[in-house]
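User: I have a model open and want to go through its side-chain contacts. Can you take my questions as they come?

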Amino acid sequence: MDTAPIVNRVAQSTLVTFDLEEYYHPGERVLLDLADQLYQGLILREKEFRAFVKEHDWSQYHGKNVAITCSADAIVPTWAYMLVATRLASVANMVVFGDLGALEDALFRQALHQVNPEDFRDAKVVVKGCSHRPVPISAYVEITRLLQPVAFSLMYGEPCSSVPLYKKAKAKA
């Protein structure tokens with residue numbers, strides 16, 4: 001019986017795997033909730049809030065990624081978030097308004113701006129679907145937006161079982 005050798009066609013293919021997990025920022029994520037600074041859980045008093053900002057230990061956020069929010073159903077003036085951001089700017093890695101999801105979106109958006117789309121010109125790209133770290137859907141949408149104009153094709157999943165998303169149209173003769 002003549003048996004042909006097993007050929008790993010995936011390994012021999014020209015597919016380029018793009019792993020979003022490689023763009024995950026390893027820094028700690030922190031939610032800073034201004035609800036704790038509200039008078040009777042309802043309003044923000046400027047004098048007391050400014051005292052909090054002056055006395056708070058901002059060094060605890062050194063190198064961390066911080067999302068500023070207010071979980072209470074209260075009206076917090078815009079300047080309050082801005083004032084907190086001014087204190088965090090010199091110690092935190094990243095500061096955003098919103099929840100931890102908004103922070104994750106911003107971290108990936110910042111990381112993906114380092115990608116040079118030209119490195120993927122006319123490539124057959126598979127955006128890896130499985131990861132051990134949380135990758136927000138917004139990162140998948142952003143890398144699609146960045147690579148579609150230059151890539152020959154875009155797929156999602158793994159090279160051995162990918163879902164086709166986009167293929168450049170053939171030039172008309």
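Analyst: Before the salt bridges, the criterion: a salt bridge here is a side-chain nitrogen of Lys or Arg within 4 Å of a carboxyl oxygen of Asp or Glu. Note also that this is a predicted model.

User: How many salt bridges does a search of the whole structure find?

Analyst: The search finds 8 salt bridges. One of them joins Lys 128 and Asp 19, with the closest N and O atoms 3.7 Å apart. That pair links distant parts of the chain, 109 residues apart: Lys 128 is in strand β5, and Asp 19 is in the loop between β1 (15-18) and β2.

User: Is Asp 19 buried or exposed?

Analyst: Asp 19 is buried, at a relative accessible area of 13%, because buried means under 20%.

User: Tyr 39, then. Which residues make the nonpolar surface patch with it?

Analyst: Leu 42 and Ile 43 make the patch together with Tyr 39, and its area is about 280 Å². Ile 43 lies in the loop between β2 (29-33) and α2 (46-55).

User: What is phi for Gln 40?

Analyst: Phi of Gln 40 is near 55°, a positive value in a residue other than glycine. Gln 40 is in the loop between β2 and α2 and counts as exposed at 59% relative accessibility. Asp 122 also has a positive phi, near 60°. Asp 122 is in the loop between α4 (100-112) and β5 (124-128), and is partly exposed at 49%.

User: Switching to aromatics. How many pairs?

Analyst: The count comes to 9 aromatic pairs. Phe 18 and Tyr 23 form a stacked one, 5.3 Å centre to centre with 5° between the planes. Phe 18 is buried at 3% relative accessible area, whereas Tyr 23 is partly exposed at 24%.

User: Which residues form the aromatic cluster?

Analyst: Phe 49, Phe 52, Trp 58, Tyr 61 and Trp 79 form one cluster.

User: Last one: where is Tyr 166, and what does it touch?

Analyst: Tyr 166 is in strand β7 (residues 161-167). Leaving aside residues up to four places away in sequence, Tyr 166 touches Gln 148, Ala 151, Phe 152, Ser 153 and Leu 154. Phe 152 is 14 residues from Tyr 166 in sequence and 8.2 Å away, C-alpha to C-alpha.

User: And Ser 153, buried or exposed?

Analyst: Ser 153 is buried, with a relative accessible area of 7%. Ser 153 lies in strand β6 (residues 153-158), and its contacts beyond four places in sequence include Lys 124, Val 125 and Lys 167. Tyr 166, by contrast, is partly exposed at 25%.

Key:
Residues numbered from 1 in each chain as written. Predicted model: local features only at pLDDT ≥ 70, side-chain atom pairs only at ≥ 80, totals over all residues. Heavy atoms only, no water. Patch = residues over 30% accessible without salt bridge, like charges linked within 9 Å, V, L, I, M, F, W, Y side chains within 5 Å. Areas by Shrake-Rupley, 256 points an atom, 1.4 Å probe, with all protein chains shown as cover. Helix = DSSP H or I, 4+ residues; strand = E, 2+ residues; numbered from the N terminus. Phe/Tyr/Trp six-rings, centres within 6.5 Å; stacked < 30°, edge-to-face > 60°. Buried < 20%, exposed > 50% of the residue type's maximum accessible area, 1.4 Å probe, protein only. Contact = heavy atoms within 4.5 Å.
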